[in-house]
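Hello,

Here is the structure I promised to pass on. My notes follow below.

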Amino acid sequence: MSNNVNAHRSPYDVFSGPNLGYVMEMYENFKEDPESVSPDMAEFFRYYGAPVMTGTTGAHAQAAAEVPEGDFGKVLAAYTLIDAIRNYGHLAADIYPLKDRPRDTTRIELSYYGLTEADLEKMPAALFLQEVPATVETGLDAVNYLKSLYTGKIAYEFGHVIDEEERKWLLSQVETKAYKPTFNADEKKELLERLTKVEGFEKFIHRTFIGAKRFSIEGLDTLVTFLEELVRRSESDAVKKMLIAMAHRGRLNVLTHILNKPYEMMFAEFAGVPPEPFLPEDGSLEVTSGWYGDVKYHMGALYKGEAMDRFLAYNPSHLEVANPVIAGQTRAAQEDTSQPGAPTRNEKDAYAIMIHGDAAFPGQGIVPETFNFSRIEGYRTGGSIHVIANNMIGFTTEFWDSRSTMYSSDPAKGFEVPVMHVNADDPEAVIESAALAFEYRQKFGKDIIVDLIGYRRYGHNEMDEPLVTNPMMYHLVHKHPTVRELYGQRLVEEGVMTAEQVEELDEKIFKLMQAANDRVKEESKDAEPHVNDTPAIVLEGIEPNIETGVERERLEKMNEELLTYPEDFTVFSKLGRILQRRELPFTNPEKGKIDWAHAEQLAFGSMLQEGKPVRLSGEDVQRGTFAHRHLVLNDEKTGKQYTPLQHISDAKASIVAYNSPLTEFALVGFEWGYTLENKKGLTIWEAQYGDFANMAQAMFDQFVAASHSKWGQQSGLVLLLPHAYEGQGPEHSSARLERFLQLSAENNWTVANISSAANYFHVLRRQAAIVGTEQERPLVIMSPKSLLRHPLVGADVEDLTKGSFQTVLEQQGTGQNPEKVEKILFASGKMAIDLAEQVKDGEGFDHLHIVRVEQLYPFPEARIQEIIARFPNAKKLVWVQEEPRNMGSYSYALPYLLDIAEGRTIEYVGRIHRASPSEGDGASHTKEQKRIVADALKKDE
Ligand SMILES: Cc1ncc(C[n+]2csc(CCOP(=O)(O)OP(=O)(O)O)c2C)c(N)n1
């Protein structure tokens with residue numbers, strides 16, 4: 001049968017001539033008085049609206065001619081029934097392995113529409129199906145045929161897919177049974193063997209490592225079958241990389257059977273001996289691990305297949321958070337960033353598979369956040385395949401306490417994502433659903449969901465007794481045969497295998513596992529447990545003084561190019577004038593300095609010329625929250641965009657800035673994922689205001705701060721978090737610097753609060769220099785607001801042509817008479833500039849010196865020691881900050897100050913302990929800020 005079923009044509013197509021005239025007359029009557037027509041007809045008109053006069057020729061018209069006069073109401077009812085089967089068949093489908101949910105057939109009963117079998121037998125099947133299978137002759141056959149498709153082991157929900165072409169395609173695939181497996185005996189035996197391995201692996205661990213947590217897949221064994229089918233199809237469709245995000249459940253099985261992590265490695269992990277000796281010698285498997293490590297069901301792997309790579313993302317226990325990470329990583333895998341301009345992309349090269357939990361999917365907000373990326377230019381990946389590993393329970397919580405929707409998948413419907421609910425006990429149906437999901441993704445480049453419905457054979461983990469909390473479900477589970485047993489029985493019934501052969505297969509697989517475990521025991525006899533020392537390279541930190549200056553000629557030429565626009569491009573005139581001032585630092589330095597955004601653009605441009613791409617993403621980043629950046633310009637007349645940095649000469653890499661959706665949590669995850677795959681340049685996330693970074697806290701805790709130590713995953717992600725006390729109230733003041741400092745250890749990242757545009761230029765370039773090297777680590781910048789254009793912050797061209805990032809700067813003007821200095825102030829970022837504004841050239845401030853701590857972590861202890869050694873009479877070290885005492889950097893810096901104080905006293909100047917980061921009104925802020933500056937600068941009596 002062809003794929004040409006016209007599943008959604010208008011029911012009016014079947015009427016022509018006098019029949020159509022009759023229907024129209026009835027419709028007119030209905031409009032005047034709905035009760036003047038029969039109830040079924042009234043419902044039909046309500047549903048389909050006014051009759052339309054299209055499709056009155058060809059097959060339908062001929063078929064219509066065969067409808068006996070006077071049966072219009074019945075035909076209309078039959079149409080409504082057919083439509084209902086397609087739309088509501090899922091309610092009656094056989095998708096629950098435990099059969100503990102009623103199958104609702106109400107809306108697909110003939111009687112519901114006033115129809116009898118005899119009525120339908122009088123109608124030709126061609127009325128309802130364009131391509132009629134040989135066995136289908138009458139309308140009744142057509143109804144039964146469609147019922148068999150829509151109420152079987154796969155239930156389809158396509159009604160919410162608005163795109164007509166897509167919906168037609170989906171229905172036609174179902175109605176032509178396009179992907180129904182037609183396995184021969186050998187293929188069936190092979191499938192049973194694979195299912196036996198999936199089950200055997202879990203059983204073997206259960207018996208051998210008693211009491212070990214493994215978050216068994218059992219009850220959803222065919223999740224592996226599903227992935228196997230995706231692998232098969234992807235490989236034959238020239239996909240280069242498949243990237244999977246999943247949580248704990250079933251992960252070990254997926255690692256083993258999809259990522260090809262050897263049984264020996266898995267058993268070694270359970271036995272607590274090093275798994276590395278069992279890595280395949282052919283180099284096909286890459287498993288990284290940090291020095292501190294993580295539990296085995298959080299570890300990922302990369303399998304480098306001959307045809308395609310398969311990657312399983314490392315994940316923390318936080319459910320669903322790996323989804324945006326894998327989306328970002330997939331995006332990077334699809335992109336080529338090695339050419340000037342914007343990156344180019346091939347969405348067929350790589351795709352993401354996201355495996356969700358049925359409780360987590362509707363419960364976690366990061367799920368819709370990630371779905372929202374799926375069709376947005378800067379974040380799309382051409383469709384992810386989603387699987388809800390639906391075991392009908394979350395920990396001990398049953399579905400009615402987990403969600404307000406009927407299906408776990410329902411929240412995705414707003415994104416028009418087609419949904420299939422599949423009975424996980426039927427491996428062939430599972431394969432069919434995987435095939436349809438893959439082909440849909442490849443054809444339409446959009447997301448699709450398979451809600452794989454099974455059960456959980458044990459408690460949340462294998463030590464839990466689920467009968468305590470979920471007795472009704474578990475009475476059923478305990479009686480329920482396994483997928484392998486069911487499929488084995490089916491093959492016996494079909495005569496493909498004997499019961500003995502099924503049994504032998506089970507024993508064969510058990511022996512396979514046994515042999516693997518024996519090898520582990522034998523070869524690990526003398527193995528030492530892991531030593532958890534931080535590697536020396538990590539402890540060494542970033543090599544000091546990486547030279548990051550750029551020749552003046554290069555900067556000057558680039559600057560000119562950045563201010564040259566295509567002839568047919570009109571920059572908004574006021575902005576054009578503002579940008580033109582960027583000429584001054586080069587032509588008339590007395591009149592203008594290089595401000596923050598200007599320094600940033602010159603840094604970006606220089607990176608592009610060095611082959612280092614830049615991706616900037618965040619809310620309103622093209623212009624910049626504070627209207628400072630203008631990396632992307634908009635033509636005042638046409639609205640066309642122009643990105644000058646995409647057009648500079650000698651560029652060898654791409655640059656792009658995407659205004660992001662109003663999302664933080666998933667977005668940080670996305671950009672983080674991007675950095676794992678693209679190791680060439682800078683990937684930057686900028687928060688609108690730093691306080692919104694709060695929304696992504698779990699990403700910082702679980703990934704950005706800790707991934708190197710846990711999983712051996714390095715990233716050079718840059719976070720720009722506007723932070724400074726400028727009277728904007730409790731939220732828009734603080735990026736919660738203290739949280740980043742609290743997470744700082746083992747050189748896991750750099751945390752900076754910079755007070756000079758030149759130093760910003762150099763830190764960006766230093767960051768670009770370490771990406772992709774062993775020194776790679778994230779960079780967290782408390783970025784400025786009012787400082788963006790502050791004259792004391794601006795740079796001269798010469799500041800960019802030489803030197804390197806300075807972890808510490810000394811305030812010009814102070815400390816000129818070392819003998820006279822009584823106290824040394826330490827401040828960062830805007831606080832340092834507030835002090836600088838007062839001390840000016842230092843006159844009247846001989847009693848103090850100011851040290852700007854530009855890099856807070858790693859704390860530049862040695863540099864600071866060198867500085868304070870120059871001031872023999874300084875008896876006091878004063879930490880000055882804007883934030884309350886329990887926030888900001890004071891608590892973090894205090895132990896370092898104590899270390900270097902050598903008898904000097906340590907003083908704190910800043911806001912007192914507060915529950916909220918800052919006062920709410922501008923006047924109080926100004927007063928408090930003045931008080932802090934005055935306290936810090938005063939000469940002690
Ligand atoms: C964000 C988050 N909240 C809570 C938990 C604790 N937790 C672990 S598993 C689980 C139940 C998950 O249920 P479901 O999504 O159905 O997946 P299943 O474990 O049943 O496969 C919970 C609440 C967690 N891991 N992550």
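How far apart do the C-alpha centres of domain 1 and domain 2 lie? They lie 39 Å apart. This is a predicted model: local features need pLDDT of at least 70, side-chain atom pairs count only at pLDDT 80 or more, and totals for chains, interfaces and linings use all residues. Residues are numbered from 1 along each chain as its sequence is written.

**Domains.** The assignment gives domain 1 (11-152), domain 2 (185-335 + 350-500), domain 3 (552-801) and domain 4 (808-937). These bounds come from an automatic or database domain assignment. Eight residues of domain 1 are in contact with twelve of domain 2 (contact: C-beta atoms, placed from the backbone, within 7 Å).

**Helix 8 and helix 18.** Helices are DSSP runs of H or I, at least four residues, numbered from the N terminus. The axes of helix 8 (residues 185-208) and helix 18 (residues 483-493) come within 9 Å and cross at roughly 160°. Axes are lines fitted to C-alpha atoms over the stretch in contact, with angles from 0 to 180 degrees between N-to-C directions. That makes the two helices roughly antiparallel (over 145 degrees). K188, L192, L195, T196 and E199 in helix 8 meet V483, R484, Y487, G488 and L491 in helix 18.

**M699.** This residue sits in helix 26 (residues 697-704). M699 counts as buried because it has 29 C-beta neighbours inside 10 Å (buried: 20 or more other C-beta atoms within 10 Å, placed from the backbone). Beyond its neighbours within four places in sequence, M699 contacts F665, V668, G669, W672 and V704. H318 is 381 residues from M699 in sequence, but 9.7 Å away in space, C-alpha to C-alpha.

Best wishes

Definitions and conventions. Buried ≥ 20, exposed ≤ 12 C-beta atoms within 10 Å, placed from the backbone. Contact = placed C-beta atoms within 7 Å. Parallel < 35°, antiparallel > 145°, perpendicular 65-115°, else oblique.
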